[in-house]
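Here are my notes on the two-chain model you sent over. Have the structure open while you read, and take the points in order.

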Amino acid sequence: MSTFIFVALGVLVVASYMCLYRIGCGPTAPDRTVAIDILGVILVGFCALLSLLTGRDFYMSVAIAWALLSFIGTIALAKYLEGVGFDE
Amino acid sequence: MNEQIGIVIIVVGLLFDVFGCIGLVRLPDIYTRLQAATKSVTLGTCMILIGVCVYTGLGPTGVKALICMLFVLVTSPTAAHAIARGAYKFGVKLAEPKVVDRYADAQPEEAGAE
């Protein structure tokens, strides 16, 4: 069981690196915003698997708080993007 | 028995997560990336949380996983909608073999009404 959870955490780390690639070389600012949002949702699943691995339940509290903060940050970035022009 | 069902659900959720991130890297413009990544990653994370709940039973971890799943299921499409609207107002164009742009068709009527 522990081996399976380590493999699952490795898969999620690979997915997070794909998001980091899109954050690093996204052509426009909304691409980076999408990647930040997706990275937050993936890390919620990461915290859930950590809670399964260690058997402690405060990791799920960390996941709930992370989901809240990620949502608020994404909404703030989206409202910021509406106001800025994109002059090429 | 619950352990095997939980592991199967977690594996399916991991596959959805990885495919959503491959779509985030591979697709051509912001709107296709948004729809591929948001829908499949939301489903994948919800399935991971359901799998954790099935694996551990309805203890503290399982109930918190269910609450977190409901929260992700509500907030992630809302954030995607806000990002799509922000990206359109930001001025990002659609990728070139485009089919339809209903939002641009609806804009002049609103401007005329104002």
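**Notes on the helices and how they pack**

1. Let's start with α2(A), which is mostly covered: 20 of its 26 residues are buried. Buried here stands for 20 or more other C-beta atoms within 10 Å of a residue's own, exposed for 12 or fewer, and partly exposed for anything in between, with C-beta atoms placed from the backbone. Helices are DSSP runs of H or I with at least four residues, and they are numbered from the N terminus. From first C-alpha to last, α2(A) reaches 37 Å, close to the expected 38 Å at 1.5 Å a residue; the expected span is 1.5 Å times one less than the number of residues. Just after α2(A), G55(A) has a positive phi of about 75 degrees.

2. Some housekeeping before going further. This is a predicted model, in which local features need pLDDT of at least 70 and side-chain atom pairs count only at pLDDT 80 or more, while totals for chains, interfaces and linings use all residues. Residues are numbered from 1 along each chain as its sequence is written, with chains lettered from A and ligands numbered from 1 in the order in which they are written.

3. Now the interface. 42 residues of chain A are in contact with 40 residues of chain B, where contact is C-beta atoms, placed from the backbone, within 7 Å. On the chain A side, α1 (2-25), α2 (29-54) and α3 (58-83) each supply at least two residues, and the largest share, 16 residues, comes from α2(A). By class, that side has 29 nonpolar, seven polar and six charged residues. Nonpolar covers Ala, Val, Leu, Ile, Met, Phe, Trp, Tyr, Cys and Pro; charged covers Asp, Glu, Lys and Arg; the others, Gly among them, count as polar.

4. How do α2(A) and α2(B) cross? Their axes come within 10 Å at an angle of roughly 10 degrees, which makes the two helices roughly parallel. Axes are lines fitted to C-alpha atoms, for helices over the stretch in contact, and angles run from 0 to 180 degrees between N-to-C directions. Under 35 degrees counts as roughly parallel, over 145 as roughly antiparallel, 65 to 115 as roughly perpendicular and the rest as oblique. This contact has 17 nonpolar, four polar and two charged residues. Among the residues meeting there are I38(A), I42(A) and A48(A) from α2(A), and T45(B), L49(B) and Y55(B) from α2(B).

5. The α3 pair is worth a look too. The axes of α3(A) and α3(B) come within 9 Å and cross at roughly 10 degrees, and therefore α3(A) and α3(B) are roughly parallel to each other. Their contact has 18 nonpolar, five polar and five charged residues.

6. Within chain A, the axes of α1(A) and α2(A) come within 9 Å and cross at roughly 170 degrees, so α1(A) is roughly antiparallel to α2(A). Their contact has 16 nonpolar, three polar and three charged residues. The buried residues of α1(A) are A8(A), L12(A), A15(A), M18(A), C19(A) and R22(A), and they pack against α2 of chain A together with α1 of chain B.

7. Over in chain B, α1(B) has 25 residues and reaches 36 Å, close to the 36 Å expected. Its buried residues include G6(B), G13(B), D17(B) and G20(B). What covers the buried residues of α1(B) includes α1 and α2 of chain A together with α2 of chain B.

8. Have a look at T45(B), which is in helix α2 (residues 30-56) of chain B. Is T45(B) buried or exposed? T45(B) is buried, because 32 other C-beta atoms lie within 10 Å. Leaving aside neighbours within four places in sequence, T45(B) has contacts including V41(A), G45(A), D17(B) and V72(B).

9. Last, the largest nonpolar core, which has 59 residues. Such a core is a set of buried Ala, Val, Leu, Ile, Met, Phe, Trp, Tyr and Cys residues joined through C-beta atoms within 7 Å. Those touching the most other members include C19(A), I42(A), L49(B) and I83(B). The largest share of this core, 15 residues, comes from α2(B). Not counting residues up to four places away in sequence, L49(B) touches A48(A), A65(B), C68(B) and M69(B).

Note on methods
Two residues are in contact if their C-beta atoms, placed from the backbone, lie within 7 Å.
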